[in-house]
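Trainee: Please take one part of this model and look at it closely. I would like a connected account that also sets that part in its surroundings.

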Amino acid sequence: MPSRRLLRQLTPWLVLVTVLGGVAMPRLTVAAKAGGRLVFAARQDIDTLDPHITNRAATRKILLQFLDTLVVIDPKDGSVKPGLAEKWDVSPDGKTYTFHLRKNVKFHDGTPFDAAAMKFTFDRIQTPLGAPGVARSFIGPYESSEAVGASTLRVRFKQPYSPFLRMAALAPLGAISPTAMQKLGDQFARKPVGTGPFMVKEWINKEQVVLVKNPAYNWAPALAEHQGPAYLDEIQWRFVLEAPTRTAIIQTGEVNVAEDLSYADVAGLEKNPDVRILRGVPAGTPWTIYPNVQRPPTNDLAVRRALGYAINRDAIVRVVFHNESKPAWSLLQPTTPGYAPLAKEILPYDPSRAKKTLDEAGWKPGADGIRVKDGKRLELLWIFGANNGYEEMAPLIQAMAREVGMDIQLREQPRAQMEEANRKSEHNIGEVNWWFPDPSIMTTNFHTKSLFGFNRPRLSNPEIDQQLDQAAAMTAEGPRMELYKKIQRTLFEQADAYPLVDQVTIVGVRKEVKGYRFNVVTFPILYDVSLEK
Amino acid sequence: MTLRLLARRKAALLGAAVLGLVVVLAVAGPAIIRTDPLKMNPVLALTPPNAEHPFGTDQYGRDVLTRVIAGARLSLVTGLGAVVIALAGGLGLGLVSGAAGGTVDLLVMRVVDVMMAFPSVLLALVVVAVLGHGSTNVMVAVGVSLIPTFVRLIRGNVLVVREQPYVEAARALGCRPRRVTLRHILPNIIAPVIVLATIAIAWSIIIGASLSFLGLGPRPPIPEWGVDLSNGRNYLLRGWWISAGPGIAIMTTVVAVNLVGDTLRDVLDPRLRSLTNL
Amino acid sequence: MLVSLQQRLALAIPVVFGVSVVVFAIVHLLPGDPVLVMLSGANATPEQVAELRAQLRFDDPLVVQYLRFLRRAVVGDLGRSIFSKRPVFEEIATQLPSTLELAGAAIAIAVAAGLVLGILAALRPNSWLDRLAMLIALGGVSMPSFWLGLLLIFGFSLELGWLPATGQGGWQRLILPAATIGLGYAAVVARLVRSSFLEVLGHAYIGTARAKGLAERVVVLKHALGNALIPVVTIIGVQLGNLLAGTIIVETVFSRRGMGRLAVTAVLDKDYPLIQGVVLVSALGYVLVNLLVDVSYSLIDPRIRHREGAA
């Protein structure tokens, strides 16, 4: 029988062992969580896996799994945290960024990640690779980079570029392996090589992308919930374009995660005990349509204003989104710095005002209810992209426009053709929305230099250009946001854009999936995901 | 024997009655309907079938029954138009090829064989992709893709009828070839052609609906059965009636057409059954 | 009207050539500069335009271009897809097996269902069973396939949980999509089987004495089955074109890979080399299958076989 004295001496040790054991236990269960294959049902098909060529959110979501970025953005407060870069400084003039890189990081092909590799990555974005990819827009007025030793990278810009820290967190600016790029050439777009927690195993066109665990992964950002390799062995990223099919298969368990579920089905799915519905409000721009200011009749300010007054956002929220979202009154999402719901006062829903504006501008109602001026019908052409998200809203807005005497013609085109038609200025109404953590996205939407890219309103206003450039260069956060609000005010007064509804991401996740997270733009982070048996 | 024919006739009568109703709706529909098929009423969105809206309302609050009636016209016209095109092409090529015989026949049939090698929907896809959206283009595309089937049938029958004694007699009497073809051959091959044409109407409606599903049909907000059926597919859980309306309309019309076609075939000549089995 | 096998083979060759000419002509028949047309959706740089122009050599006389096209096609070089930059041959090779699998399963279901319904109907002609069987068969062909497919998914996959709705691999994933296509043809097959059976049964009862015992009946049934087989096989050959049409829709609804989906995206994207490749392969496939149908025709029907003599 141990004496009481012995017991008293042992007790602290027993407590310590128990506590340590308690702490160690989760580690043991952590090890048990490893393994398994996750099947992800994606809504849109991809055009390439090359981060520097793509212009699709669908591709960016996959890039996020196999590429690492210099920094990451904390979705809770929007602050920038270390990724592949441990620390960084910005020069006072805002033109030079110096990154101190993490050591002992390797690419999937075994070659080391260093400053030279990052320089190669950024330089490559400048080469004309054909399509205007988003990487080019994100990297802004990039001039050059310099590798100072193996672990320090200096990035220089032609003008001060304050959004760059946030841009460096976006997957299209993730690190790619120069060795792999040079070896694979054209084929790099099919099997790219990065440093991320997963590796691309294969891409079967129009069907799926298969990713496998990177066993050497040991450099997760501090923001992640664990360190070391990912839990999942494999991810099957399947392209399931039909919304009703996605709804069906998340319920049958054929897939573990289904994104972008149909708003109409959400209420029913919430009742299903096997499925969890996750909602997120991404940073970026809301669902927005833009009038072409260079093409009649939308080159007429009265017409543009009238269209703005004719749009009933509440009806769209109710009918198309089934009350899962809210009307959008700013050119930015509520979770984006610079958000300002100014359209509510400048372009409110007021059909009688719309009619009055058109009357005063000389557009008189014709026999079929559509207005006519100088013998021309008030016809607007809206070229919308297939499976781009605006399909349900378009007929509703068409009906609303008809109420005030405008005839919107709807034409559906595949994404690539739509982009081409927009660049050729063939449209009166264009559409685009972004998942993006910074208000500088407005440069991509409205600047003259974006005319070759995503400038849907075909706007070329020197004053707006100058203000956008200025805002992109400002380092003081407060005044910078004030300037973006001022720009939005001007754009609304000129009726150069109509934000419609806030973007809300709705993802269905089965009960066995643990650790699913959204990043700041609600893209999936699968690194911490494990499957419970 | 007579019992069987009578039963068939009953089915055909039913089919014909349904078809008649559909045609009447297609022609007079827009005049009799009370509500505007284009009018959106978001407050009433997704109401199930009730007394006020027998087929319920769609996601925009539009009355589904009204849209089905209004859509009858476009759907039928597209189906009929396609068959008219196929018939014209088929008669033209088939009569010439069958009646002329020889090298002309050989050439035409090879061309037809080549045409048949291209899957009809793929052909329709390419035509619409080149010409653009809209019911007219769908009609042309489907019609062109059906021509080879008609040519084969018509030519086959022409070859058979050509050997008949009355045709020989006409030729012996010195009638010019064109007169022989039009006055003597054509009326005797018309029966199976009518049967095929009837069934082809059903095919056209279905192919047209499939093209709408692929995004190639008429543009919103025009009501049309194929387009409306396709648009309702995202609401199978919350609003099954949106698809059910146009879906039932398509099914009923197609079944009716098939019933009429079947009976026509039996009535006109049972022996022709083998010639029209395609 | 019966043509010998050798003649059929000889006739197939000009058809193959005709197909190749049409496929070749697709790009040239369209208005505008073919190179710009081909790249219209691909956001190409001026360098890429020049490269494609040099590669395709559209300035040569048409005949020369056609011969070059033929020469390349014969060795399997059908160019590169504009969008994916992979060789067209490789794209098709990846997608084709899945479609063949689907088509095979669809035919199997069509024949099986058609036989069952047709025989049931023929056993009691003009009864309610007959009417019901024919009506069920008719139902399959009266619905657009995308609707039928979605209904099957919601019924059998979602509500009943019996079968998976998407993806590749395993015979279970094949059932719903194959049924969607197959049920459409079951109607045609059922009708044929029914009339063939009735024909034979009619002869049997008129011609011979009362069927005595099982052996006679079995012989009659076997004869009926054999008689039914000919038109069924013919139908399969003729309807093959529609089979690809069926796969186009079904592959999209069920998220399967395959030629149908490849064809749709190629056409919508205006990816001309890919369109040419897909059309060429499906047309050639059609010709090949028809030849096979004719061969099996002569094998099934002894009259034809005897006329041919030893093959």
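Mentor: The part to look at is helix α9 of chain A, residues 301–310, where eight of the ten residues are buried, so the helix is largely enclosed by the rest of the structure. Helices are DSSP runs of H or I with at least four residues, strands are runs of E with at least two, and both are numbered from the N terminus. A residue is buried if 20 or more other C-beta atoms, placed from the backbone, lie within 10 Å of its own, exposed if 12 or fewer, and partly exposed in between. This is a predicted model, in which local features need pLDDT of at least 70 and side-chain atom pairs count only at pLDDT 80 or more, while totals for chains, interfaces and linings use all residues. Residues are numbered from 1 along each chain as its sequence is written, and chains are lettered from A and ligands numbered from 1 in the order in which they are written.

The buried residues of α9(A) are Val303(A), Arg304(A), Arg305(A), Ala306(A), Leu307(A), Gly308(A), Tyr309(A) and Ala310(A).

Among contacts in chain A between residues at least 6 apart in sequence, 70% join residues at least 24 apart; a contact here means C-beta atoms, placed from the backbone, within 7 Å. The C-alpha atoms of chain A fill a box of roughly 105 × 55 × 50 Å along the principal axes.

Elsewhere in chain A, four strands form an open antiparallel sheet in the order β4-β5-β7-β6. Strands pair if DSSP finds at least two bridges between them. β4 (85–90) and β6 (142–148) of chain A are the edge strands with a single partner each, so one side of each has no neighbour in the sheet. The twist averages 20° from one strand to the next, with angles taken between N-to-C directions from 0 to 180 degrees and axes fitted to C-alpha atoms, for helices over the stretch in contact. Helix α3 (residues 115–126) of chain A packs on this sheet and touches β5, β6 and β7 (152–157) of chain A. The direction of α3(A) makes about 165° with that of β6(A).

Conventions. Two residues are in contact if their C-beta atoms, placed from the backbone, lie within 7 Å.
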